[in-house]
Amino acid sequence: MATAPDPAKERQIRLSFAIFFALISAFLVWAAVRQFVFTLSGPATTATVTGCEDYVVNNHVDVTCSGYWTIDGKQQHGTVIGVDYPDVGKTVNVRIHQGAAYSPSLLSPIVLLLVSLTMTGLTVFAFSTLRTGRAQARR
């Protein structure tokens, strides 16, 4: 004979999912805002992309490119974010932040915001099920 699920346990599970979705959503919003800030602000200059390398993290291949640029008459070198192999040897517009050059691409912050909106929707749904679950438990 099946026993009825414990409403308190169900509520605790729903609350855990709601908090999880809220934390993921908040992180994605932070990451998107950070990308917007790094892409649209900071000293503007041009960087010459000197090379790119593949590296693997958790069976995922990613590309890191390096290059050099000049700020206040001083040549600097470091990571150029937002470029890829076809950009090697090219000069690209960048913004400088924390020793790295950011190519002005809005694709990644927009994707992060869209995923964040999805997570926010899941968060709202998860919190709304807490109310409906509570109402059903009273019946």
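**Salt bridge, barrel and disulfide in a predicted model**

The side chains of Glu10 and Arg14 form a salt bridge, with a distance of 4.0 Å from N to O. The structure described here is a predicted model. Under the rule applied to such pairs, the count of salt bridges is one. In general, side chains of opposite charge can pair when their charged atoms come close. Both Glu10 and Arg14 belong to helix α1, which covers residues 7-40. The two residues are four positions apart, or about one turn of the helix. Glu10 has a relative accessibility of 32% and therefore counts as partly exposed. Arg14, at 27% relative accessibility, is likewise classed as partly exposed.

The strands of the model were examined next. Five strands form a closed barrel in the order β1-β2-β3-β5-β4, and their pairing is mixed. On average, neighbouring strands of this sheet are turned by 50° against each other, when direction is ignored. Helix α1 packs on the sheet, where it touches β4 and β5 (100-102). The direction of α1 makes an angle of about 120° with that of β4.

The pairing of β3 with β5, by contrast, is parallel and extends over two bridges.

A disulfide is, in general, a covalent bond between the sulfur atoms of two cysteines. A search of the whole structure finds one disulfide. This bond joins Cys52 to Cys65, with an S to S distance of 2.0 Å. Cys52 lies in strand β1 (residues 44-57) and Cys65 in strand β2, so the bond ties together parts that are 13 residues apart in sequence. The torsion about the S-S bond of Cys52 and Cys65 is about 100°, and the disulfide is therefore right-handed. Both Cys52 and Cys65 are buried.

Strand β1 also contains Ala47. Ala47 counts as buried because its relative accessibility is 0%, and the cut-off for this class is under 20%. When residues up to four places away in sequence are not counted, Ala47 touches Tyr68, Trp69, Val80, Lys90, Thr91, Val92 and Val94. Ala47 and Ile96 are separated by 49 residues in sequence, while the distance between their C-alpha atoms is 9.7 Å.

His97 is located in strand β4, which spans residues 91-97. With a relative accessibility of 14%, His97 counts as buried. The side chain of His97 reaches the backbone oxygen of Ser41 at a distance of 2.8 Å. Apart from neighbours within four places in sequence, the residues in contact with His97 are Val37, Phe38, Ser41, Gly42 and Tyr102.

How values were computed
Residues are numbered from 1 along each chain as its sequence is written. This is a predicted model: local features need pLDDT of at least 70, side-chain atom pairs count only at pLDDT 80 or more; totals for chains, interfaces and linings use all residues. Side-chain values use heavy atoms; hydrogens and water are left out. Buried means under 20% relative accessible area, exposed over 50%, partly exposed in between (1.4 Å probe, protein chains only). A polar contact is a pair of N or O atoms within 3.5 Å; within protein, one must be able to donate a hydrogen and the other to accept it, and residues adjacent in sequence count only if both atoms are side-chain atoms. Contact means heavy atoms within 4.5 Å. Two strands pair if DSSP finds at least two bridges between them. Axes are lines fitted to C-alpha atoms, for helices over the stretch in contact, and angles run from 0 to 180 degrees between N-to-C directions. A disulfide is a pair of cysteine sulfur atoms within 2.5 Å.
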